[in-house]
Amino acid sequence: MWYFLNVIFNILNKKIYNYFPYPYFVSVIHLFVGVVYCLVSWAVGLPKRAPIDSNLLKLLIPVAVCHGLGHVTSNVSFAAVAVSFTHTIKALEPFFNAAASQFILGQSIPITLWLSLAPVVIGVSMASLTELSFNWTGFISAMISNISFTYRSIYSKKAMTDMDSTNVYAYISIIALFVCIPPALIFEGPQLLKHGFNDAIAKVGMTKFISDLFWVGMFYHLYNQLATNTLERVAPLTHAVGNVLKRVFVIGFSIIVFGNKISTQTGIGTVIAIAGVAAYSFIKAKMEEEKRQMKAA
């Protein structure tokens, strides 16, 4: 379900950008639909809303700010370049995670882990050099989203609470929505009012425009919710492998659906990068497993 929703989200999202190129506004809609979904779920008691205090709020705000920034910059990249290319750059996320762990958190990262990241960097570089839809906006935005999501995972570790993942994700979505509204108003507000909405409605009609925005928001929220719930239920190794395969799925489907022409070098680079991520994920998850066993022993 997580893969299925993710693939549909990525395809529908890119189709919207093809006729409505306003990533800041669309990012707000993604979060807004999710927040409404959470509020309705709470209202009917599925799940029961967990109470939040000021201490927990202080812990969740940095997570939500990074989540909001990472989300907006991912969407700026999706709007600017091919979906498959954004996902190839986002395969660098483990590299940023390792660097942050070593240099910010002061954890020592074994040499095997660094070596497994070399193919990721090489693969992404190869893919970038010959990517037909390449532009700097798309590339830099995807890089900023990598950094944002790395900080999100650092802050998430600090904010680990007894609250269930569904409630935590709901609170993060609400805070992130408030983070994303100001940039959308500043960067896109005037253009949207002048011609953005009218152009989109003229191209696809009011009904399709509104239903596309509603469904893309629903798929965004549900795939994130399922990814969070999956993380709770499986071992780190299973989740790591799942994440790698998810990228393969999304890249493959987006190339088929949009008929993106990719050069041989971009194709080879993407495969090398994904293989590197797979190797990294295996080694990292094995280390986590050993740590857990040592603790248990």
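Predicted model: local features only at pLDDT ≥ 70, side-chain atom pairs only at ≥ 80, totals over all residues.

Q: Why is H2 called roughly perpendicular to H9?
A: The axes of H2 (residues 23–44) and H9 (residues 206–233) cross at roughly 70 degrees, coming within 8 Å. Angles from 65 to 115 degrees count as roughly perpendicular, so H2 is roughly perpendicular to H9.

Q: What makes up the contact of H2 with H9, by nonpolar, polar and charged residues?
A: On the H2 side, the residues include Phe25, Ile29 and Tyr37, and they meet a set in H9 that includes Leu213, Phe214 and Met218. The contact holds 13 nonpolar residues, four polar and no charged.

Q: Why is Ile251 called buried?
A: Ile251 has a relative accessible area of 7%, and buried means under 20%, so Ile251 is buried. This residue of helix H10 (residues 236–258) touches Ser84, His87, Thr88, Thr270 and Ile274, leaving aside residues up to four places away in sequence. Ala82 is 169 residues from Ile251 in sequence, with 9.5 Å between their C-alpha atoms.

Q: How do you know that Cys66 is in no disulfide?
A: The nearest cysteine sulfur to that of Cys66 belongs to Cys180 and is 12 Å away, whereas a disulfide needs sulfur atoms within 2.5 Å. The structure holds zero disulfides.

Q: Why do Cys66 and Cys180 count as buried?
A: The cut-off is under 20%; Cys66 is at 11% relative accessibility, so Cys66 counts as buried. Cys180 has a relative accessible area of 2%, so Cys180 is buried too.

Methods. Residues numbered from 1 in each chain as written. Heavy atoms only, no water. Axes fitted to C-alpha atoms, helices over the stretch in contact; angles between N-to-C directions. Helix = DSSP H or I, 4+ residues; strand = E, 2+ residues; numbered from the N terminus. Parallel < 35°, antiparallel > 145°, perpendicular 65-115°, else oblique. Contact = heavy atoms within 4.5 Å. Nonpolar A, V, L, I, M, F, W, Y, C, P; charged D, E, K, R; others polar. Buried < 20%, exposed > 50% of the residue type's maximum accessible area, 1.4 Å probe, protein only.
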